[in-house]
Amino acid sequence: MKKILLIEDNKDVCENTADILELSNYEVAMAENGKVGIDMARTFHPDLILCDIMMPVLDGYEVLEELSKGNETASIPFIFLTAKADKSDFRKGMNLGADDYLTKPFEEHELLEAVNSRLKKSDFLRKEFSKNIEGIHEFFQDAASYLNLEHITREFRPKEYGKKEYLFMEGDGAHTLYFVESGTVKTYRSIESGKEFVTGIHKAGDFMGQLSLLNPKGTYLETAMAIENTEAYGIPKSNFIHLLYENKEVAHKFIDIISNNLIEVQEQLVNMAYSSVRQRVARALLHLYKKGIIKDFPNEGIDIPREDFAGMIGTATETAIRSLSEFREEGLITMGHAKRIIILDRKALKNIAEYG
């Protein structure tokens, strides 16, 4: 049962509003002024707050402003109840972060529609979506319903890619956001010397192509190639654009889901700029371990070609091989089946990654 806090100094209005909500299966707590309302919001933990503006002790604006300062209360949907209909009052409340307004006197259906709408939106924004195709489908379905957009694609079909097969190439028209369901994909950019700068190694749950879809030239900024058999889903650019620009709250949710790789790329660039080769090798090994690409026991993980590993850390293949050999001699790593790297001492690698 959803909980609603009703802050209203007019006893008749408060009781009548509470009756309507309780008959609609909401649990309602009532506060007779703003100060009491703030205290109750912190103890009752409501799913939504209905608050009058003109009240003694603290008015509705002051209540909203105070609650917005607390981590536990800032995200609670907040609807103003007011007899005032001046545009400046609406603007002031919205600038403070109010979600909606109801002008008194209001009809029963107006109250319930406003409450239902805000609770539905709050549920969507608080919901956690898993990083697999079922979670992605669920997100698109909920987002389409939230935005009332019938033209958003809600179901996607997978495509299989063999080893060394390209998903997309640098310079091609960027029309699709990719989601890796299984397998491993490397993304890289070609540089003037003809070498590759590896921008990422992507496993199940990763997205690719985010920045390319925002490229003013409309082309992919990098190449994506499967380094083992891979299954990936293509999400149309139109979906990406709608979710990014249609609604700020949905955009934040969407960005949170797809931005994990972008943070990693940023960290990778910083590491390349300011760290020694030894540090970069240690960080790359730990990064690949975290993604499950290399393991700490034999015959697991996958083989990373040494030129790809060198591309990840921005150095020559010979330098990368020499650094791996040094780590092997120090007992930090070893080589398993098909030259797969096996980590023996993660603690030592962490120390090297941090301190050199």
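# Notebook: loops, salt bridges and surface patches

I began with histidine 45, which sits in the loop between helix 2 (34-44) and strand 3. The model I am reading is predicted. Phi of histidine 45 is near 50 degrees, a positive value in a residue other than glycine. I looked up its cover as well: histidine 45 is partly exposed, at a relative accessible area of 45%.

I noted another positive phi at lysine 164, about 70 degrees, and this residue is not a glycine either. Lysine 164 belongs to the loop between strand 6 (158-161) and strand 7 (166-168). With a relative accessible area of 60%, lysine 164 is exposed.

**Entry: lysine 104 and its surroundings**

I went to the loop between strand 5 and helix 5, where proline 105 is found. The peptide bond joining lysine 104 and proline 105 is cis, with omega about 0 degrees.

Which residue does the side chain of lysine 104 meet in a salt bridge? I found aspartate 52, with N to O at 3.2 Å. Lysine 104 lies in the loop between strand 5 (100-103) and helix 5 (108-126), and aspartate 52 in strand 3 (residues 48-52), so this pair ties together parts that are 52 residues apart in sequence. I checked both partners for cover. Lysine 104 is buried, with a relative accessible area of 18%, and aspartate 52 is buried too, at 5%.

**Entry: other salt bridges**

I looked up the count of salt bridges, and it comes to 15. I followed up some of them.

Lysine 186 forms a salt bridge with glutamate 196, and their closest N and O atoms are 2.9 Å apart. The pair links distant parts of the chain, ten residues apart: lysine 186 is in strand 9 (residues 185-190) and glutamate 196 in strand 10 (residues 196-202). Lysine 186 is buried, with a relative accessible area of 3%, whereas glutamate 196 is partly exposed at 33%.

Lysine 291 and aspartate 206 also meet in a salt bridge, 2.6 Å from N to O. Lysine 291 lies in the loop between helix 11 (277-290) and helix 12 (306-313), and aspartate 206 in the loop between strand 10 and strand 11 (207-208), so the pair ties together parts that are 85 residues apart in sequence. I recorded lysine 291 as buried, with a relative accessible area of 16%. Aspartate 206 counts as buried at 5% relative accessibility. I then looked for shared partners: salt bridges join Glu8, Asp52 and Lys104 into one network.

**Entry: cysteines**

How many disulfides are there? I counted zero. The reason for cysteine 14 is distance: its sulfur is 11 Å from the closest cysteine sulfur, in cysteine 51, which is too far for a bond. Cysteine 51 counts as buried at 0% relative accessibility.

**Entry: surface patches**

I found a negative surface patch formed by Asp12, Glu15, Asp19, Glu22 and Glu27. Where does the largest share of the negative patch come from? Helix 1 (residues 11-23) supplies it, with four residues. Aspartate 19 is partly exposed, with a relative accessible area of 41%.

Glutamate 27 lies in strand 2 (residues 27-31). Its relative accessible area is 35%, so glutamate 27 is partly exposed. I also looked up a separation along the chain: glutamate 27 and leucine 64 are 37 residues apart, and their C-alpha atoms are separated by 21 Å.

A nonpolar surface patch of about 330 Å² is made by Leu211, Leu214 and Tyr245. I placed leucine 211 in helix 7 (residues 210-213).

**Entry: helix 12**

I ended with helix 12. Seven of its eight residues are buried, so helix 12 is largely enclosed by the rest of the structure. The buried residues I listed in helix 12 are Arg306, Asp308, Phe309, Ala310, Gly311, Met312 and Ile313. Glycine 314 follows helix 12 and has a positive phi, near 70 degrees.

Technical notes: Residues are numbered from 1 along each chain as its sequence is written. This is a predicted model: local features need pLDDT of at least 70, side-chain atom pairs count only at pLDDT 80 or more; totals for chains, interfaces and linings use all residues. Side-chain values use heavy atoms; hydrogens and water are left out. Patches are made of residues with over 30% relative accessible area and no salt bridge: like charges are joined within 9 Å, nonpolar side chains (Val, Leu, Ile, Met, Phe, Trp, Tyr) within 5 Å. Accessible areas come from the Shrake-Rupley method with a 1.4 Å probe; for residues, only the protein chains shown count as cover. A salt bridge is a side-chain nitrogen of Lys or Arg within 4 Å of a carboxyl oxygen of Asp or Glu. Lys and Arg count as positive and Asp and Glu as negative; His and the chain ends are not counted. The place of a charge is taken as NZ of Lys, CZ of Arg, CG of Asp or CD of Glu. Helices (H or I, at least four residues) and strands (E, at least two) are DSSP runs, numbered from the N terminus. Buried means under 20% relative accessible area, exposed over 50%, partly exposed in between (1.4 Å probe, protein chains only). A disulfide is a pair of cysteine sulfur atoms within 2.5 Å.
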